[in-house]
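Please consult the sequence and the model displayed below.

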Amino acid sequence: MSEAPKSEQFTPLDDMSPEELEAAQAANEADALQALAQLQGELAALQGKNAELADQYLRAQADVQNARRRADEEVSKARKFAVEAFAESLLPVTDSLEAGLAVQDATPEQIREGAEATLRQLKSALERNKVMEIAPAPGTRFDPHQHQAISMVPAPGQEPNTVVGVLQKGYTIADRVLRPALVTVSAPN
């Protein structure tokens, strides 16, 4: 039986001299210290990156909270001041009504003229604030989204489910129904 050839790179420890053993140990320790230093450097770099990412995360969280707080404040201000702008547009109407009531010896014609002028002011203020009338003309098709039928009446010559008369105007604000128009509707024949 033949013996396997010895590897040139591997030498059994028993075949090594004490100087060779000491040199091998020193080389191993130097390699181990170098590997340890490299791993410690990588660990320090990763810890630094981790701290940087944690800081970025905390800053991002703070930014989100600040943005949310600012948005809440903006919504609150918008609600508060939207009513203020609407009220401000109604002040001239109040002034006109007070001026009309201050006149002691007004004729019925003057009272009517003043009331009509004040109504125009009021309608103008409502329109500026996007409050629009819903006043369907007779013969208009009944729209349940904008009209509320109070009664059905016989209306010869009109199609069924059309507006016959308006009992009370309705209003929308920015295309949203504030109050539907109260109407009478033609009955089916």
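What order do the strands of the open sheet have? The 3 strands follow the order β1-β4-β5 with antiparallel pairing, where two strands pair if DSSP finds at least two bridges between them. β1 and β5 (176–179) stand at the edges with a single partner strand each, so one side of each has no neighbour in the sheet. Strand β4 (residues 170–173) is joined to β5 by 3 bridges, and Tyr 171 has Arg 179 in β5 as its bridge partner.

The model is predicted: local features need pLDDT of at least 70, side-chain atom pairs count only at pLDDT 80 or more, and totals for chains, interfaces and linings use all residues. Residues are numbered from 1 along each chain as its sequence is written, and side-chain values use heavy atoms, without hydrogens and water.

Helix α2 (residues 108–128) has 21 residues; at 1.5 Å a residue it should span 30 Å, which agrees with the 30 Å between its end C-alpha atoms. The table lists its residues by accessibility, where buried means under 20% relative accessible area and exposed over 50% (1.4 Å probe, protein chains only).

| Class in α2 | Residues |
|---|---|
| Buried | Thr 118, Ala 125, Leu 126 |
| Exposed, on the other side | Glu 109, Arg 112, Glu 113, Arg 120, Arg 128 |

The buried residues of α2 fall within an arc of 95 degrees seen down the axis, so they line one face of the helix. They pack against α1 (18–102) and β1 (131–134), contact meaning heavy atoms within 4.5 Å. Lys 130, with a positive phi near 65 degrees, follows α2.

Key
Helices (H or I, at least four residues) and strands (E, at least two) are DSSP runs, numbered from the N terminus. The expected span of a helix is 1.5 Å times one less than its number of residues. The arc is that of the directions from the helix axis to the C-beta atoms.
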